[in-house]
Amino acid sequence: MEQKPGSPRATRSPNLTAAEARRAILERLAPVSGWERVNVRGALGRVLAEDVIAPCNVPAHDNSAMDGYAVRFTDLDAAGETTLSVVGTAFAGKPFSGMVGAGQAVRIMTGAPIPQGADTIVVQEVTRSDQGKVFIPAGQRAGQNLRRAGEDLALGSVALPSGKRCGPAELGVVASLGIAEVTVRRRLRVAFFSTGDELASIGKPLAPGEVYDSNRYTLFGALSRLGCELLDMGVVRDDPAALEAAFREAACSADVILTSGGVSVGEADFIRELVNRLGEVAFWKIDIKPGRPMAFGRVGDAWLFGLPGNPVAVLVTFYQFVQDALLALSGVSPLPEAVMLDAICRDTIRKQAGRREFLRGRLTLTDGRQTVQLAGAQGSGILRSMSEANCFIVLAEDRGDVTAGEAVQVQVFDGLV
């Protein structure tokens, strides 16, 4: 079959390593089109669609970094104490309007503009004052404690680049420039649903063999934190006609389709076969634990991520593969790097070589060293351990068993989840 532009290409093997899967996903994605203008507060969590150019200097003028005295450096005695006459006070928002002449000083507050004639700030803690005089010790440096105009942001410079996701600091940068609105990319539209006849909605009694659908709620939380526009399609039963209708609806409405369940080799796992008929599957197996059956492909114009059904596997595959894909589609550039640390493992862990494993761990500082231990039972259906953990213990493909006291790599949740 002829390959369509931008569509997934067949992989050389049904099983990919974690790195190969991540690369196979990201190399195919391009940011969605479309943008809008939003006010500063509305930009929180949004991705800039164009550079923010500084229309002014920040700070707008030379100002004092400390409370103290504005002086002329040439007046200061390098070897002994200098006595100067205090001729006024400069406040932030109410500058001193006169000139600092020879033998004079101006009392100055943090943020106040530097008075004309002065070029150095002496902090008040090292001085003495008495009857309109200030006594300054030797050892001062020319230009000390000054903040120069434009040293934060210079007029005409790129204050924030296109592709930057706006957090609290970015809102402050925009506001510091006096800019009321910025141009951001439109929100990514994500349709998501769970599959399985055994799934029951919360608030209803469980029938024999049923379990409550938790995956849609964990995915709702993860997607909401990314600022996506969400289409929750509920639970779709293990019926080919119902699944096909759900996929067609989602492909017409969303940029991304995210499913949980139905991608393994069970008799009722229709998704892989269905997507191959409606679109294309790039891969559906990754050598990781948990989360080995994960499909990536395309249905119509929508990208598809078919996640496993087990609750922990859903979160592992989402954070290791889907989250960065969604950021890339949203226009984030460059993608954030995962924070990885070395830590001493306090548990003995059995590990099969040949696959990458993500274990839920609890990272602590013990006697000045980073140590980590397993956060409860590690079954892929035990979601509570994700709540109790603050990191993944990441064991590479070529690693075997871990003995207590050995070093391991951990991926901290802070900034990830």
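Predicted model: local features only at pLDDT ≥ 70, side-chain atom pairs only at ≥ 80, totals over all residues.
**Exercise 1. A salt bridge inside a helix**

Solution. 
- Step 1. Check the contact. The side chains form a salt bridge, with an N to O distance of 3.0 Å. The cut-off is 4 Å, so the pair qualifies.
- Step 2. Check accessibility. Arg 248 has a relative accessibility of 47% and counts as partly exposed.

**Exercise 2. A salt bridge across the sequence**

Task: Which parts of the chain does the pair Arg 128 and Glu 81 tie together?

Solution. 
- Step 1. Take the distance. The closest N and O atoms of Arg 128 and Glu 81 are 2.9 Å apart, and the two form a salt bridge.
- Step 2. Assign the elements. Arg 128 belongs to strand β9 (residues 128–130), while Glu 81 lies in the loop between β5 (68–71) and β6 (82–90).
- Step 3. Conclude. The partners are 47 residues apart in sequence, so the bridge ties those parts together.
- Step 4. Arg 128 is partly exposed at 46%. Glu 81 is partly exposed as well, at 44%.

**Exercise 3. Salt bridges over the whole structure**

Task: How many salt bridges does a search of the whole structure find? Classify the exposure of the pair Glu 406 and Arg 399.

Solution. 
- Step 1. Count. The search finds 19 salt bridges.
- Step 2. Take the pair. The side chains of Glu 406 and Arg 399 meet at 3.1 Å, N to O.
- Step 3. Classify. Glu 406 has a relative accessible area of 32% and is partly exposed. Arg 399, at 23%, is also partly exposed. Buried would need a value under 20%.

**Exercise 4. Aromatic pairs**

Task: Which geometry does each pair have, Phe 193 with Phe 247 and Phe 283 with Phe 296?

Solution. 
- Step 1. The whole structure holds 7 aromatic pairs.
- Step 2. Treat Phe 193 and Phe 247. Their ring centres are 5.6 Å apart and the planes meet at 70 degrees, so the pair is edge-to-face. It links strand β14 (Phe 193) to helix α4 (Phe 247), 54 residues apart. Phe 193 is buried at 1%, and Phe 247 is buried at 0%.
- Step 3. Treat Phe 283 and Phe 296. The centres lie 5.7 Å apart with planes at 40 degrees, so this pair is tilted. Phe 283 is in strand β19 (residues 279–286) and Phe 296 in strand β21 (residues 293–299), 13 residues apart. Phe 283 is buried at 2%; Phe 296 is buried at 0%.
- Step 4. Phe 283, Phe 296, Trp 303 and Phe 305 form one aromatic cluster. The charged end of Arg 298 sits over the ring of Trp 303, 4.1 Å from its centre.

**Exercise 5. The second largest pocket**

Solution. 
- Step 1. Volume. The pocket holds about 240 Å³ of space.
- Step 2. Lining. There are 18 lining residues; Thr 195, Glu 198, Leu 199, Asn 215 and Gly 309 lie nearest the centre.
- Step 3. Elements. β14 (189–195) and β16 (211–212) each give two or more residues to the lining.
- Step 4. The lining has 4 nonpolar, 10 polar and 4 charged residues.

Technical notes. Residues numbered from 1 in each chain as written. Heavy atoms only, no water. Helix = DSSP H or I, 4+ residues; strand = E, 2+ residues; numbered from the N terminus. Buried < 20%, exposed > 50% of the residue type's maximum accessible area, 1.4 Å probe, protein only. 1 Å grid on protein atoms, 1.4 Å probe; cavity = no way out; pocket = protein on both sides within 12 Å on 5 of 7 lines; lining within 4 Å. Points joined across faces, edges and corners; volume = space filled by probe spheres on them. Nonpolar A, V, L, I, M, F, W, Y, C, P; charged D, E, K, R; others polar. Phe/Tyr/Trp six-rings, centres within 6.5 Å; stacked < 30°, edge-to-face > 60°. Lys NZ or Arg CZ within 6 Å of the ring centre and 35° of its normal.
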